[in-house]
Amino acid sequence: MLEKIRQQTLALGALARVAVAAMLFLLLAGAVALAWRLMAPEYQVLFSELDAQDASAIISELERMKVMHRLQDEGRTILVESHDVYPVRLKLMSKGVNLRGTVGFELFSDSDFGMTEFAQKINYQRAMQGELARTIMALEEVRAARVHLVIPDSGLLRRGDSHGKASITITTRPGRQLQPAQVLGIQRLVAAAVPQIEPAAVTILDNRGVALNAAADADSGTALAGGDARLDIKRQTEAYFIEKAGKVLDRAVGPGRAIVTVDALLNHEALKVTQEQVLVAAGNGGEGAVVRSKQTSQSEGRPRAAAGAQTSDAGAAARSDSSINEVEFQHGKRIEQIVTAPGAIRRLSVGVVLPETLPPARAQKLTEVVSMAVGLNQARGDAIAVYSLETLAGARHESQAAEAPATDAPPAGTDAFARIARPGGAGATPVSRDELGHAYALPAALLILALSLAMLFLRRRRADAVRLSDSERVRMLHELQEWLAPRSPGGMR
């Protein structure tokens, strides 16, 4: 069999033998690759988007566990065999591998009994920072978070008016961004988890160092942080009232036909007023409740008879009694604390422009409806103005007509040439700049035309004077050659 195959192979040409050998080699390589593919283990993602520190800690633990692994995405993704993904992941979590450098309350699992109070406070602060960072990283938009807490010391000799602070750095996922409501939620989360920290004392930055908390929490009783935040609150308030008034006008005069604008003056100051009032007990004559009553009596003796008088009771003395009654009352006390949050409306101004003039009765009713819709308060100084386009156009024409007679007088900045008086006696009026322009336009045009003709004539004469005929050119050429020809020593050319 082999000899027959050998003879058939030798019977083939050289090119055919090379083709057969190449086919056999390709078949063998394909079989080896297929076998390697079928026998090679399948790898799946264990962890992805890791930092260098976290990837190093996980790889060290995998090598200690003798688990085969691979790296992808510049070391940020770790792959293990498909059948080991979930068991290895659970084992790593049970061993307390700190991903993204965060540690939580598992820090106290193996606590040392000889640890000092200062070390315990530091560990507690680290655990709180790690737990908060893990909670914040649970958001879909957040890829990494780092929390720093400043917790004031508490004790008998410490001041009780010190407050804590917190700063958070957040790295968002590509193409994702935190909304203002989420930023405010993170502030309240930290304030609720850590004592002695207010939401306004929590600063949140992104990976570029830009503060995400543009305004402090309104519940904290502090004013808004910056002018941009105040302007945003003003815009939102005005848009809210414009929408309410626009719904009424769309139903009254037609959709989109009326123009409404609102200007809201807001109070950005936070006020805290404390009122104290004394309460008198009822049914006691307005003097309050009796707490203690004390009555003191005193007697005094003095002789009544004059000196030298003969009486049978010489030693008798007159007696006088006095009493002191002391009563102590107790009054009640009521303390009220009124806190006004920033953002209250101080004054509201509404302007409405209608497409056409309405009858006075209908216009008055429409004004009342719009005022009720936006909640105008005259005691607060709110105002509303309702006009039509025809009324505004008529007022503009009237203002132009009123300014028309004043055009005879020269405007400010007019030079002396505009005040030339018209001939005609003492009642001459000044000439305006336009009239001067019309008066001097024709002479100026004639002067320009004359200058143009003169320049054209001079140019033509100059061209005629320079231009030569052919015979003149030949003659001048001969004269020039004779003048340039060398002369003989005797003076002959």
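Q: How many helices and strands does the protein chain have?
A: This is a predicted model, so to speak of local features takes pLDDT of at least 70 and side-chain atom pairs count only at pLDDT 80 or more, while totals for chains, interfaces and linings use all residues. Residues are numbered from 1 along each chain as its sequence is written, and side-chain values use heavy atoms, leaving out hydrogens and water. Helices (H or I, at least four residues) and strands (E, at least two) are DSSP runs, numbered from the N terminus. Counted that way, the protein chain has eleven helices and 13 strands.

Q: What percentage of the residues in the protein chain is buried?
A: Buried means under 20% relative accessible area, exposed means over 50%, and partly exposed is in between (1.4 Å probe, protein chains only). Out of 493 residues in the protein chain, the buried share is 19%.

Q: Is H3 roughly parallel or roughly perpendicular to H4?
A: Axes are lines fitted to C-alpha atoms, for helices over the stretch in contact, and angles run from 0 to 180 degrees between N-to-C directions. Under 35 degrees is roughly parallel, over 145 roughly antiparallel, 65 to 115 roughly perpendicular, and the rest oblique. Helix H3 (residues 52-65) and helix H4 (residues 85-94) pack at about 110°, with axes 11 Å apart. That angle makes the two roughly perpendicular.

Q: Which residues in H4 meet H3?
A: Contact means heavy atoms within 4.5 Å. H3 brings Ile58, Glu61, Leu62 and Met65, and they meet, in H4, Val88, Lys91 and Leu92.

Q: How many residues of the contact of H5 with H6 are nonpolar?
A: Ala, Val, Leu, Ile, Met, Phe, Trp, Tyr, Cys and Pro count as nonpolar, Asp, Glu, Lys and Arg as charged, and the others, Gly among them, as polar. On the H5 side sit Met128, Leu132, Thr135 and Ile136, which meet Ile186, Leu189, Val190 and Ala193 in H6. By class, this contact has no charged residues, one polar residue, and a nonpolar count of seven.

Q: Where is histidine 163, and which residues does it touch?
A: Histidine 163 is in the loop between strand S4 (142-150) and strand S5 (165-172). At 56% relative accessibility, it counts as exposed. Valine 150 is 13 residues away from histidine 163 in sequence and 8.8 Å away in space, C-alpha to C-alpha. Leaving out residues up to four places away in sequence, histidine 163 touches Pro152 and Gln196.

Q: What is the phi of glutamine 196 near?
A: Glutamine 196 lies in the loop between H6 and strand S6 (202-206). With a relative accessible area of 42%, glutamine 196 is partly exposed. Its phi is positive, in a residue other than glycine, and is near 65°.

Q: What relative accessibility does lysine 66 have?
A: Lysine 66 is in the loop between H3 and strand S2 (69-72). Though not a glycine, lysine 66 has a positive phi of about 60°. Lysine 66 counts as exposed because its relative accessibility is 76%.
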